[in-house]
Amino acid sequence: MKKLTSITIFFLLGSLLFNLQTIYAALPASTNYKLQNYTFGAGGTASSSSTHYSMNGVAGEVEFGKSSSTNYQSQTGLTYLIKANVPAAPTLSTPANNYDRILFVINPGSNPSDYTYALEISTSNNFSSNVNYINSDGTFGASLTPSNFQTYTAWGGSSGTFVTGLTSNTTYYIRAAARQGSFTQSEWGPAASATTSYASLTFTINNPTIVFNNLNNGDSYTDSSQSDTFTTSTNAYNGYTIYGWDTQALSAPGGNTIANYASPNSTPTAWSGTGFGYTTNDTNLVGTGGANRFNNGTAYAGFQTSGPGDPVTDDAGPVTTSQITNEQYTVSYRVTANNTTPAGTYSNTIIYTIVPSY
């Protein structure tokens with residue numbers, strides 16, 4: 001009786017093994033394809049509550065190549081990943097003939113608004129060397145971290161963002177990758193290129209020699225008809241400042257002088273008394289005392305007699321959309337003596353220095 005029971009159990013196990021083998025052997029197949037494994041999963045139609053995502057059914061692994069659509073692609077492997085769409089090449093420019101920065105505008109393509117983007121930058125057109133990644137503050141570094149991924153809006157949207165700290169007269173290549181959450185980063189997209197300019201500065205004075213009229217009782221010993229116009233062009237990002245000083249008071253042979261006007265650059269005043277002084281039509285001047293302290297060219301100050309002197313005109317920048325081109329400011333002069341000033345030819349030298357801020 002025990003022997004018969006043993007035979008019956010063995011027969012049942014053998015039958016089960018046989019049936020299991022039959023199930024695994026019957027894989028779906030055709031002349032050209034065979035699914036190595038399959039199971040049931042969600043359908044492949046879009047959810048009614050989302051325009052961007054859909055659930056895929058599980059049909060088996062791809063042995064070669066990759067499945068893709070307009071917006072997504074999945075690679076081979078045990079775990080399929082739905083990747084972000086590869087971004088198109090960004091738009092690059094140097095709008096102010098920039099020497100140390102490039103303006104980039106990301107092209108998000110058909111990726112949704114919640115996707116984020118990282119930017120890779122190199123001086124090599126195939127990114128084989130000198131590869132860096134643009135940080136959220138416009139600088140760049142050698143490591144790609146999660147903080148390098150920012151939304152299209154955070155990267156400036158259609159206005160873009162500058163990457164700074166670049167070398168002048170150098171061609172740079174920039175490309176983007178997209179992602180949404182973990183394990184979804186796309187490949188790097190195609191690159192665009194732009195070349196930084198040299199730093200540039202030109203500065204001219206229209207009237208390098210000032211000659212006042214003779215001072216006498218008929219003109220109340222005063223002349224305020226002389227001026228200099230400064231013309232400046234530069235791509236210095238933070239603009240420039242022009243400083244002025246004179247080597248001495250107006251002096252005649254024999255040692256007679258006409259002193260510089262007493263009011264300083266920080267507190268110009270309406271003209272009063274005697275001396276040699278200046279005013280400027282720059283209503284947004286750097287330095288202490290207020291931006292329009294010269295009151296639209298009606299208040300005066302005297303020059304210092306040592307350098308670098310005081311600011312007389314400036315443009316503080318930043319220079320972003322176009323470089324400063326042929327910008328003009330005027331410095332006007334006035335001299336007043338009195339009837340006790342000895343006759344003679346009085347002269348001095350005024351020194352102007354332009355300082356760009358790169």
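Author: Buried means under 20% relative accessible area, exposed means over 50%, and partly exposed is in between (1.4 Å probe, protein chains only). Take Y99: its relative accessible area is 8%, so Y99 is buried.

Reader: What kind of model is this?

Author: It is a predicted model: local features need pLDDT of at least 70, side-chain atom pairs count only at pLDDT 80 or more, and totals for chains, interfaces and linings use all residues. Residues are numbered from 1 along each chain as its sequence is written, and side-chain values use heavy atoms, leaving out hydrogens and water.

Reader: Start with charges. How many salt bridges are there?

Author: Side chains of opposite charge can pair when their charged atoms come close. The cut-off for a salt bridge is a side-chain nitrogen of Lys or Arg within 4 Å of a carboxyl oxygen of Asp or Glu. The count here is three salt bridges.

Reader: Where do E187 and K83 lie?

Author: Their side chains form a salt bridge, 3.5 Å from N to O. This pair links distant parts of the chain, 104 residues apart. E187 is in the loop between strand 10 (171–179) and strand 11 (192–195), and K83 is in the loop between strand 2 (73–74) and strand 3. Strands (E, at least two residues) and helices (H or I, at least four) are DSSP runs numbered from the N terminus. K83 has 15% relative accessibility and so counts as buried. E187, at 28%, counts as partly exposed.

Reader: What is R175 paired with?

Author: R175 forms a salt bridge with E120, with the closest N and O atoms 2.7 Å apart. Here too the pair links distant parts of the chain: R175 is in strand 10, E120 is in strand 5 (residues 116–122), and they are 55 residues apart. E120 counts as buried because its relative accessibility is 4%. R175 counts as buried at 18%. R175 also lies over the face of F127, 3.9 Å from the ring centre. Such a charge sits over a ring if NZ of Lys or CZ of Arg is within 6 Å of the ring centre and within 35 degrees of the ring normal.

Reader: And where is D100 found?

Author: D100 is in the loop between strand 3 (91–93) and strand 4 (101–105). Its side chain meets that of R101 in a salt bridge, 2.8 Å from N to O. D100 counts as buried because its relative accessibility is 14%. R101 counts as buried at 11%. The charged end of R101 sits over the ring of Y237, 3.6 Å from its centre.

Reader: Which residues does D100 touch, leaving out those up to four places away in sequence?

Author: Contact means heavy atoms within 4.5 Å. D100 touches V163, T164, G165 and L166.

Reader: Now rings. How many aromatic pairs are there?

Author: Rings of Phe, Tyr and Trp (its six-membered ring) pair if their centres lie within 6.5 Å; planes under 30 degrees apart are stacked, over 60 edge-to-face, the rest tilted. The count is 13 aromatic pairs. Y99 and Y358 form an edge-to-face pair, 5.2 Å centre to centre, with 85° between the planes. Y99 is in the loop between strand 3 and strand 4, Y358 is in the segment after strand 21 (350–356), and they are 259 residues apart. Y358 is partly exposed, with a relative accessible area of 42%.

Reader: Which residues do ring pairs link into a cluster?

Author: The cluster holds F203, F212, F230, F276, Y278, F294, F303, Y333 and Y352. Both Y278 and F294 are buried.
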